[in-house]
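Here are my notes for your reading of this entry. Please keep the sequence and the 3D view open while you go through the points.

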Amino acid sequence: MLCVVYKSPKKAETYLFVERRDDFSRVPAALLETFGTPQLAMIVNLATKTRLGQADIDKVRLALRTQGYYLQLPPPPEDLLKAHLTAQGKSPA
């Protein structure tokens, strides 16, 4: 199963996976508007992969089959202050 990965010019570390190159027919218009003009990042053969960098490959495959696209968002920023306070046995306010 091949899929095409596009990066967002508006949102850092945000990627859109679709089944066919330049086919955004199953992607909601509101999502494309927020995403910006998709920029080709890579073509991936999911049949030969066992894992992806930041996305769960099984969720990507399922989303592609059921809705025709998968949106990968960046990981949430780490709250270093909260982690420090928890390590010190203090409750973050």
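1. Where is Asp22 placed? Asp22 lies in the loop between S2 and helix H1, the helix covering residues 29–35. Please bear in mind throughout that this is a predicted model.

2. Look at the backbone of Asp22. Its phi is positive, about 60°, although Asp22 is not a glycine. Most residues other than glycine have a negative phi. Asp22 also counts as exposed, because its relative accessibility is 54% and the cut-off for exposed is over 50%.

3. Glu13 is found in the loop between S1 and strand S2, the strand of residues 15–18. With a relative accessible area of 46%, Glu13 is partly exposed.

4. How many salt bridges does the structure hold? There are 3 salt bridges, and the next points take them in turn.

5. Glu19 pairs with Arg26 in a salt bridge, and their closest N and O atoms are 3.3 Å apart. Glu19 is partly exposed, at a relative accessible area of 25%. Arg26 is likewise partly exposed, at 40% relative accessibility.

6. Arg20 forms a salt bridge with Asp23, with 3.1 Å between the closest N and O atoms. Asp23 has 26% relative accessibility and so counts as partly exposed.

7. Arg61 and Asp58 form a salt bridge in which the closest N and O atoms are 3.5 Å apart. This distance meets the definition, because a side-chain nitrogen of Arg has to be within 4 Å of a carboxyl oxygen of Asp or Glu. Where do Arg61 and Asp58 sit relative to each other? Both belong to helix H2, which spans residues 57–66. They are 3 residues apart there, so about one helical turn separates them.

8. The surface also has a nonpolar patch, made of Leu2, Leu40 and Ile43. Together these residues have about 280 Å² of accessible area. Leu2 belongs to strand S1, which runs over residues 2–7. Is Leu2 buried or exposed? Leu2 counts as exposed, because its relative accessibility is 54%.

9. One is the loop between S2 and helix H1, where Asp22 lies. The other is helix H2, which holds Arg61 and Asp58.

Technical notes. Residues are numbered from 1 along each chain as its sequence is written. This is a predicted model: local features need pLDDT of at least 70, side-chain atom pairs count only at pLDDT 80 or more; totals for chains, interfaces and linings use all residues. Side-chain values use heavy atoms; hydrogens and water are left out. Buried means under 20% relative accessible area, exposed over 50%, partly exposed in between (1.4 Å probe, protein chains only). Helices (H or I, at least four residues) and strands (E, at least two) are DSSP runs, numbered from the N terminus. Patches are made of residues with over 30% relative accessible area and no salt bridge: like charges are joined within 9 Å, nonpolar side chains (Val, Leu, Ile, Met, Phe, Trp, Tyr) within 5 Å. Accessible areas come from the Shrake-Rupley method with a 1.4 Å probe; for residues, only the protein chains shown count as cover.
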